[in-house]
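Let's take a friendly walk through a protein model together. Keep the sequence and the 3D view side by side as you read.

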Amino acid sequence: MRTIDIHTHLLSPEVSFKRFFDRFSVTFFAKKLGVDRNELRAAPYRTYVKAMANAIQQSHSVERVCLFGVDARFNRQGRQTGRDKTVCAMTQDVLKVAADFPDCFIPFLSVNPLRPNALELIDQFVEQGCCGAKILQNYWGLDLNDEHLIPYYEKLKFYNLPLIIHIGSEYTIDSDTRYEGVDMLDLPLACGVKVIAAHMGLGRIKHKLLVWKNITGNPHDFDDDYFILLEKLKTQANLYADISAILVPMRARALRHLSEQKDVHEKILFGTDYPVPFTTTLNSYDLSWATRHKLSSIENPFDRYTSAILEYFPAGSPIYQNYRKLLPNTLYSRVDN
């Protein structure tokens with residue numbers, strides 16, 4: 001089986017792994033990427049890009065990936081107010097990497113709608129080859145139902161660009177929880193944009209006191225937005241969802257339930273959220289220890305992720321082919337062959 005990963009990230013060229021959290025996590029991160037931790041510390045961006053391209057080239061399951069960055073923060077006056085030095089790769093960076101490794105990467109744009117020249121940048125990036133768009137409104141502090149954004153959505157619709165919108169928890173970057181909800185899909189959908197809801201609306205800490213309930217497999221303990229999203233997928237023709245980062249514990253617990261919701265599988269897309277680390281051994285899903293051990297021995301991060309998902313969605317599942325509904329067929333003809 002070969003598929004396209006709809007959801008991966010490029011790190012910023014300024015990434016240094018010097019944040020407090022990074023100092024403790026870089027060893028684990030390097031292991032999961034399959035690179036030497038000292039090399040990752042010494043030349044983090046170059047090592048990251050090389051490792052990602054190599055992993056795609058050597059993968060038995062993922063042919064190509066959709067790659068995007070995260071634009072900077074802007075205020076209402078169009079002035080830049082922040083730019084995370086780990087996460088905020090610019091679209092120009094994405095296009096450069098995609099040009100260097102055209103058989104690996106499909107570039108997506110990330111343009112903050114509050115940029116004064118946002119619409120012109122979309123024109124420019126589409127002309128340069130971007131095939132989709134990614135919004136991280138919870139980092140930008142942006143209400144996606146603000147009617148001032150309608151021209152932005154109309155531009156995406158004009159180019160028939162699928163728009164990936166983060167829904168659910170966010171722990172890798174500053175996030176305004178007011179803008180993480182499934183309601184953030186409403187205005188883009190009303191404007192006719194093809195929307196991909198990332199992460200299935202899962203991952204929030206719903207239970208503050210009975211903390212263990214946040215990883216139980218009981219659907220009564222799942223995020224409310226998860227169930228709202230499932231219903232929206234049935235009624236909104238332009239709405240899709242991806243399973244990126246679903247192997248983190250507060251999301252993995254829903255895999256069995258999601259695998260049984262076959263009436264929405266035609267709207268679900270395979271994605272990893274690379275390089276977000278995940279565990280195949282100590283996790284909240286219902287796989288046997290023998291299966292977990294087998295999965296953990298797979299070195300390639302894309303194949304390891306895919307193999308875990310295959311335990312719930314067999315090779316014939318539409319989730320591995322639904323990218324055809326959103327991406328130009330020139331991008332996946334080689335996958336089919």
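Which element supplies the largest share of the lining of the largest cavity? Keep that question in mind while we get our bearings, and remember that the model is a predicted one.

Let's begin with the cavity itself. When the whole structure is searched, one cavity of 30 Å³ or more turns up, and its volume is about 100 Å³. Its lining is made by K32, L33, T272, Y274, P275, V276, P277, F278, P301, F302, R304 and Y305. Now for the answer to our opening question: the largest share comes from α13, with four residues. If you sort the lining of the cavity by class, you get nine nonpolar residues, one polar residue and two charged ones.

The largest pocket holds about 910 Å³ of space. It is lined by 35 residues, and those closest to its centre are E170, Y171, T172, V276 and P277. The lining of the largest pocket has 19 nonpolar, ten polar and six charged residues.

The second largest pocket has about 430 Å³ of space. Among its 20 lining residues, K31, G34, E299, N300 and R304 lie nearest the centre. Two or more residues come from each of α1, α3 and α13. By class, the second pocket is lined by seven nonpolar, nine polar and four charged residues.

Helix α3 covers residues 44-58, which makes 15 residues. From its first C-alpha to its last, α3 reaches 21 Å, close to the 21 Å expected at 1.5 Å a residue. The buried residues in α3 are P44, T47, Y48, V49, A51, M52, A53, A55 and I56.

Another helix to visit is α12 (residues 289-296), where T291, R292 and L295 are buried. Why do these three sit on the same side of α12? They cover an arc of only 100° around the axis, and so they share one side of the helix. On the face of α12 turned away from the buried side, you will find the exposed residues W289, A290 and H293.

Finally, turn to the strands. Five of them form an open sheet in the order β6-β7-β8-β9-β10, and their pairing is parallel. The edges are taken by β6 (133-135) and β10 (268-269); each has a single partner strand, so one side of each is left without a neighbour in the sheet. Further in, β8 (residues 195-198) pairs with β9 (residues 239-242) in the parallel sense over three bridges. To find this pairing in your view, look for V195, which stands opposite L239 in β9.

Terms used
Residues numbered from 1 in each chain as written. Predicted model: local features only at pLDDT ≥ 70, side-chain atom pairs only at ≥ 80, totals over all residues. Heavy atoms only, no water. Expected span 1.5 Å × (residues − 1). Buried < 20%, exposed > 50% of the residue type's maximum accessible area, 1.4 Å probe, protein only. 1 Å grid on protein atoms, 1.4 Å probe; cavity = no way out; pocket = protein on both sides within 12 Å on 5 of 7 lines; lining within 4 Å. Points joined across faces, edges and corners; volume = space filled by probe spheres on them. Nonpolar A, V, L, I, M, F, W, Y, C, P; charged D, E, K, R; others polar. Pairing = 2+ DSSP bridges. Arc of directions from axis to C-beta.
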